[in-house]
Amino acid sequence: MLKESYDHHLEHRKKMKEQQKVTEKRNDDEIKLYANAKRKMADLRKKREGELFQSFQSHQQAMVDHLATLIKEQVDDEDSRIAKAVAERDQKRVQEEEDAKLKRASMQKEILKAPSPINEFK
């Protein structure tokens with residue numbers, strides 16, 4: 001009877017160890033599944049953050065390109081306005097010089113046409 005009790009106790013202990021191993025294996029499997037799921041979520045989060053960063057960079061680059069275009073257009077417009085103003089100024093100066101020439105020529109003609117006061121006293 002003592003032997004039977006001892007054998008029964010050993011058998012019970014063996015079953016408990018086997019059950020504990022099964023439970024530990026199940027727990028380990030659950031931990032591995034949880035760790036894998038957590039790793040996948042971290043990878044997905046990292047990928048999403050990368051996509052968001054790339055999207056932000058693309059948007060920022062588009063804004064920089066647009067502003068560069070606007071500035072270039074503004075500079076080109078300013079250059080054309082300056083060139084136009086210079087051309088108008090030059091044209092005005094040339095016109096004024098021609099008007100002054102014509103006026104001098106007209107005055108010289110008037111002087112030559114007018115009777116000389118010196119000739120009147122002779």
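The protein exposes about 12,300 Å². Carbon and sulfur atoms supply 58% of that area. This is a predicted model. Of the 122 residues, 0% count as buried.

**Overall form**

The fold has two helices and zero strands. Helix α1 covers residues 2-113. The radius of gyration is 52 Å, whereas a compact globule of 122 residues would come near 14 Å. Along the principal axes, the C-alpha trace spans about 180 × 15 × 5 Å.

| Quantity | Value |
|---|---|
| Radius of gyration of the protein | 52 Å |
| C-alpha span along the principal axes | about 180 × 15 × 5 Å |
| Separation of the mean positions of positive and negative charges | 5 Å |

**Charges**

The protein carries 28 positive and 25 negative charges. Their mean positions lie 5 Å apart.

**Lys-14**

Lys-14 sits in helix α1. Is Lys-14 buried or exposed? Its relative accessible area is 54%. The cut-off for exposed is over 50%, so Lys-14 counts as exposed.

**A nonpolar surface patch**

Which residues form a nonpolar patch on the surface? They are Leu-67, Leu-70, Ile-71 and Val-75. Together they have about 350 Å² of accessible area. Ile-71, one of these patch residues, belongs to helix α1.

Methods:
Residues are numbered from 1 along each chain as its sequence is written. This is a predicted model: local features need pLDDT of at least 70, side-chain atom pairs count only at pLDDT 80 or more; totals for chains, interfaces and linings use all residues. Side-chain values use heavy atoms; hydrogens and water are left out. Patches are made of residues with over 30% relative accessible area and no salt bridge: like charges are joined within 9 Å, nonpolar side chains (Val, Leu, Ile, Met, Phe, Trp, Tyr) within 5 Å. Accessible areas come from the Shrake-Rupley method with a 1.4 Å probe; for residues, only the protein chains shown count as cover. A salt bridge is a side-chain nitrogen of Lys or Arg within 4 Å of a carboxyl oxygen of Asp or Glu. Helices (H or I, at least four residues) and strands (E, at least two) are DSSP runs, numbered from the N terminus. The radius of gyration is taken over C-alpha atoms; the globule rule is 2.2 Å times the number of residues to the power 0.38. Buried means under 20% relative accessible area, exposed over 50%, partly exposed in between (1.4 Å probe, protein chains only). Lys and Arg count as positive and Asp and Glu as negative; His and the chain ends are not counted. The place of a charge is taken as NZ of Lys, CZ of Arg, CG of Asp or CD of Glu.
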